[in-house]
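Subject: A structure for you to look at

Hi there,

Here is the structure I promised to pass on to you. Have a look at it first, and then read on for what turned up in it.

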Amino acid sequence: MTFEELGIDARIMKAINELGYETPMPIQEKVIPVLLQSAHDVIGLAQTGTGKTAAFGIPIIQKTDIAFRHPQTLILCPTRELCLQIADDLIDYSKYVEGLKVLPVYGGSSIESQIRSLKKGVHVVVATPGRLLDLMKRGTMKLDAIRNVVMDEADEMLNMGFTESINAILAAVPKERTTLLFSATMPNEISRIAKTYMHDAQEIVVGNKNESTNNVKHRFYMVHAKDKYLALKRIADYYPNFYGIVFCRTRKDTQEIAEALIRDGYNADSLHGDLSQQQRDYVMQKFRIRNLQILVATDVAARGLDVDDLTHVINYGLPDDLETYTHRSGRTGRAGKTGISIAIVHSREKNHLRDIERLINKKFEPGVIPTGKAICEKQLINLVDKIEKVEVNEAEIVDLLPVAYRKLDWLSKEDVIKRLISLEFNRMLEYYRDADELDVPDERGGRTEHSRAGVKGFARLFINYGKVDGMIPPHFIEIINQYVPKRVEIGKIDILPNFSFVEVNEADAQLVIESLNKIKGLERKMVVDRAQPDGNQKGSRQPRYGQTPRSNGNKRRR
Ligand code: AMP
């Protein structure tokens with residue numbers, strides 16, 4: 001099937017040819033004829049990346065009455081970024097359709113300039129629901145000539161709490177219209193909206209509901225809750241070409257994990273709702289152009305990010321809403337490439353994992369956290385590979401080489417290789433040389449025989465800071481790194497509500513106790529002592545204080 005055969009006119013053909021679209025994508029083959037030849041409502045089960053914007057955008061442009069300068073099509077979508085992206089795509093498709101005006105309206109930017117543009121006359125409005133309602137209330141957005149309504153990423157709009165706004169908008173548009181609804185999933189609420197506001201809708205499914213996950217391997221790593229962060233680092237280290245999103249459930253987690261990764265020397269940053277729009281744009285742009293390797297994000301903030309060729313998606317814990325998992329994992333495994341969706345879970349999340357397996361109709365394969373040795377080997381191969389493949393600009397370095405040759409003359413080829421590798425690699429080796437392998441919980445969440453408990457050579461210390469102080473394992477590692485004037489081997493970290501236990505190398509235990517007890521400037525003195533075997537720890541019932549000791553981050557331990 002060609003675009004011409006679908007009935008697309010020459011002006012749009014010219015534009016999409018220039019964009020390099022040669023043949024229609026499956027959703028376009030299905031949706032375009034319905035919209036051009038009939039006025040059926042359409043429900044499309046499709047995710048981003050399937051070509052749905054062109055599927056609804058092209059026929060809408062073609063059907064627009066340019067001479068009539070009133071909004072004829074309303075496209076609703078969940079985020080500002082998607083709003084701009086859809087508007088941009090429509091502007092591209094209508095490059096040779098003279099006079100067609102597309103206006104994106106979204107929250108967080110000047111409403112006045114949007115009102116001015118509306119007054120000048122537009123044909124297609126792409127809007128986020130909240131801002132559109134605002135414009136409707138002010139009387140500046142007239143819906144009486146709307147003939148097409150598109151709801152894009154409808155499930156996501158509901159997730160973001162736009163249900164009422166959508167109801168209000170749909171109740172206000174003329175009944176004589178075509179309504180299109182696109183969604184990656186079909187929760188009940190969407191079916192209800194479809195029943196209430198759509199008539200005789202034709203349901204179009206692109207491939208299988210779970211098609212986007214076909215190239216995706218789903219893998220889970222079961223770890224103790226306290227080891228999640230360490231597991232994350234090992235996974236990132238094991239894949240030197242990692243380019244992925246780490247999804248967290250809360251803004252706080254997102255911020256904390258990103259901060260810990262940055263401190264530990266990773267090329268990471270965070271994306272969440274507490275950032276300003278400019279900050280979010282900046283982070284997204286860095287990630288898009290791959291200047292950023294690991295993006296730690298909440299689901300809502302990541303919606304605006306049009307990047308889906310990730311090597312990995314990491315679920316730092318499973319989402320409450322199972323459908324969200326489909327969105328997350330759909331970001332990888334695109335364009336014929338395989339992707340990996342990883343869940344780092346603790347044993348209590350096991351049932352949740354099974355629920356997701358039922359939803360995606362695929363099994364999670366169990367992953368084994370890579371050992372330090374395996375990581376080092378993998379990194380080494382990658383480094384050697386890079387050395388082998390690096391482009392050598394002979395002309396530019398020719399003058400500099402004699403000096404280098406002369407200086408290294410006394411070294412054999414093997415020595416040069418060793419040094420070159422050490423230069424890049426010592427940091428990684430050093431960390432993994434001393435790092436303990438992660439303890440694997442058994443099915444019931446207990447410890448296996450590999451458990452560190454009782455491992456000789458470790459002292460268990462009591463510290464009077466706990467969960468209520470916002471402590472997570474990386475904080476303790478960081479504090480020890482900063483305040484103990486020696487590299488200390490750290491073992492198991494147990495964080496309880498009001499206090500914690502941290503294992504350190506027996507040989508360094510006294511130094512750690514003394515150093516941490518001396519920390520000044522905290523709102524509450526840190527009390528560190530050897531843990532009492534009977535658990536009757538003095539100082540264990542401490543009042544709650546908000547301040548968490550934080551380092552200035554200039555010492556690192558990976
Ligand atoms: P979407 O699902 O609308 O976000 O589209 C996914 C990507 O596919 C976008 O980058 C589009 O530009 C591209 N695309 C859409 N239709 C076609 C087509 N027929 N041929 C090639 N690329 C397309």
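Before the sheet, one term: two strands are said to pair if DSSP finds at least two bridges between them. Please also keep in mind that this is a predicted model.

With that term in hand, take strand S12 (residues 312-316) and strand S13 (residues 339-345), which pair in the parallel sense over 5 bridges. Which residue of S13 is the bridge partner of Val-313? That partner is Ser-341.

Next, the ligand. Its surroundings consist of Phe-3, Tyr-21, Thr-23, Pro-24, Met-25, Gln-28, Thr-48, Gly-49, Thr-50, Gly-51, Lys-52 and Thr-53. Sorted by class, this shell has 4 nonpolar, 7 polar and 1 charged residues.

- Tyr-21 has a side-chain N or O atom 2.4 Å from an oxygen atom of the ligand.
- Thr-23 places a backbone N or O atom 2.9 Å from a nitrogen atom of the ligand.
- Lys-52 has a polar backbone atom 3.4 Å from an oxygen atom of the ligand.

On its own, the ligand has 490 Å² of accessible area, and the protein covers 71% of that.

The largest pocket has a volume of about 820 Å³. It is lined by 27 residues, and those nearest its centre are Ala-225, Lys-226, Lys-467, Ile-472 and Pro-473. At least two lining residues come from each of helix H10 (228-238), helix H11 (251-263), helix H20 (473-483) and strand S16 (490-495). In terms of class, the pocket lining divides into 10 nonpolar, 5 polar and 12 charged residues.

How many cavities of 30 Å³ or more does the structure hold? There are 2. The second largest cavity contains about 60 Å³ of space, and its lining is made up of Glu-156, Phe-247, Asp-299, Ala-302, Arg-303, Thr-324, His-327, Arg-328 and Arg-331. Two or more of these residues come from helix H13 (299-302) and likewise from helix H14 (322-329). H14 gives the largest share, with 3 residues. By class, the lining of this cavity has 2 nonpolar, 2 polar and 5 charged residues.

Technical notes
Residues numbered from 1 in each chain as written. Predicted model: local features only at pLDDT ≥ 70, side-chain atom pairs only at ≥ 80, totals over all residues. Heavy atoms only, no water. Near = heavy atom within 4 Å. Polar contact = N/O pair within 3.5 Å; in protein donor to acceptor, adjacent residues only side chain to side chain. Areas by Shrake-Rupley, 256 points an atom, 1.4 Å probe, with all protein chains shown as cover. Nonpolar A, V, L, I, M, F, W, Y, C, P; charged D, E, K, R; others polar. 1 Å grid on protein atoms, 1.4 Å probe; cavity = no way out; pocket = protein on both sides within 12 Å on 5 of 7 lines; lining within 4 Å. Points joined across faces, edges and corners; volume = space filled by probe spheres on them. Helix = DSSP H or I, 4+ residues; strand = E, 2+ residues; numbered from the N terminus.
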